[in-house]
Amino acid sequence: MSNKTTNPSEITGRVLNIQRYCTHDGPGIRTTVFLKGCSLRCKWCSNPESISPKPEIAYDAKKCAGAKECGACLKSPFPEGGFYVVEGADDDKVHINWDLAVDCDEATVSLCPTEALFMYGKKMTVEEVLDEVERDASFYRSSGGGMTLSGGEFSLQPEFSAGLLEGAHERGINTAVETAGNVPWASYEKVLPHVDTMLHDHKLTIPERHKKWTGVDNRRILENFKKAYETFPNIQFIARTPLMPGVNDDEEHIRAVLEFIRPHKNVIDYELLPYHRFGIGKYEFLGHVYELADFTTPPDETVQRLRAIIDEAFGRNQENAEDE
Ligand code: SF4
């Protein structure tokens, strides 16, 4: 029964992006709604623009017309010294003092004629998001897809997420979530009653190593997952590991995750997501440094060997599993 007390046009949240035709974020063709804010700091994060809970300014220097040609931002009411040019440099493109940039908003960005300045994230209502998601309802019906909430960590906005998930169900749309699990249980309790599929990360096994690579240990995460498996037997759970070379691409981690999930029959699969470097450019747009510049994708043979262990644990024939 619904406990809904607020009008969907009144509940607002901070949305990073709405991506249509996604095929890796749950069953079928899906629309993935990325929300702002994350409670982990994974060194390999490919969505650094999702970490801050607030909308934030970004800058693509390649698009800047330069101070002589344009210079609009230099004359803006931005805090003094926020934008500047470097005397004696080869070009007159602007630079940003990122410490002063935190309070920038749409008004600052709108001054830029070339979109070199832009915002990551905006406020939206539940109704606005669902209206956009519903545009592809026919694809969801034909493919068994639906809406996926991702992030960041979707459940850090529990009221907004619950409104989206419940509203999707009311419109006949299947729901999935991608989560790292580092939230108070009360937040999960609010959102999980409206979830059909939960894709959840097991990043590292040992608490101290988890903390080293993600900023927090995994004790609360594992407690939450176990409680979720037991409290919500009708959710389909899919475990995932973002596979980082030399960090967690070893049999020990894979077998430890299998040991954790296999007693729970509603955990229907365990997927490996090999590391990629697609998000690196976004670090530059935000004035951040990407720490793992030397990392490469894990070798194919490592991924295949680890997938074979998972297939065996799930009783799948390896040849058939590769055909799927
Ligand atoms: S307003 Fe945009 S294009 Fe103009 S100088 Fe500033 S960043 Fe460059």
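Asn224 lies in helix H7 (residues 219-231), where helices (H or I, at least four residues) and strands (E, at least two) are DSSP runs numbered from the N terminus. The structure is a predicted model, in which local features need pLDDT of at least 70 and side-chain atom pairs count only at pLDDT 80 or more, while totals for chains, interfaces and linings use all residues. Residues are numbered from 1 along each chain as its sequence is written, and side-chain values use heavy atoms, with hydrogens and water left out.

Asn224 is buried, with a relative accessible area of 4%; buried means under 20% relative accessible area, exposed over 50%, and partly exposed in between (1.4 Å probe, protein chains only). Contact is defined as heavy atoms within 4.5 Å. Neighbours within four places in sequence aside, Asn224 is in contact with Gly181, Val183, Trp185 and Tyr188.

Tyr188 is also among the contacts of Met198, which include Val177, Thr179, Leu192, Phe225 and Ala228 when neighbours within four places in sequence are left aside. Met198 belongs to the largest nonpolar core, which has 50 residues; Met147, Met198 and Tyr270 touch the most other members. A nonpolar core is a set of buried Ala, Val, Leu, Ile, Met, Phe, Trp, Tyr and Cys residues joined through side-chain atoms within 4.5 Å. Helix H4 (residues 158-170) contributes the largest share of this core, five residues. Another core, of 17 residues, lies apart from it and includes Trp44, Val216, Met244 and Val247. In soluble globular proteins, nonpolar side chains tend to be buried together.

The loop between strand E8 (146-150) and H4 contains Gly152. A cis peptide bond, with omega about 5°, joins Gly151 and Gly152. Phe154 is placed in the loop between E8 and H4 and counts as buried, at 0% relative accessibility. Residues up to four places away in sequence not counted, Phe154 touches Leu35, Leu149, Ser161, Leu165, Val177, Glu178, Thr179 and Val191. The C-alpha atoms of Phe154 and Val177 are separated by 7.6 Å, the two residues being 23 residues apart along the chain.

Ala176 lies in strand E9 (residues 174-179) and counts as buried at 0% relative accessibility. With neighbours within four places in sequence left aside, Ala176 is in contact with Asp25, Arg30, Met147, Thr148, Leu149 and Thr197. Ala176 and Leu222 are 46 residues apart in sequence, and their C-alpha atoms are 19 Å apart in space.

Positive phi values occur at two residues described here, Tyr21 and Glu115. Tyr21, which is not a glycine, has a phi of about 55°. Tyr21 is in strand E1 (residues 12-22) and is partly exposed, with a relative accessible area of 45%. Phi of Glu115 is near 65°. Glu115 lies in the loop between helix H1 (106-109) and strand E6 (117-120), and is exposed, with a relative accessible area of 55%.

The ligand has 13 residues around it, of which Cys64, Cys70, Cys73, Cys112 and Thr114 come nearest; a residue is near a molecule or strand if one of its heavy atoms lies within 4 Å of it. The shell around the ligand consists of ten nonpolar residues, three polar and no charged. In this division Ala, Val, Leu, Ile, Met, Phe, Trp, Tyr, Cys and Pro count as nonpolar, Asp, Glu, Lys and Arg as charged, and the others, Gly among them, as polar.
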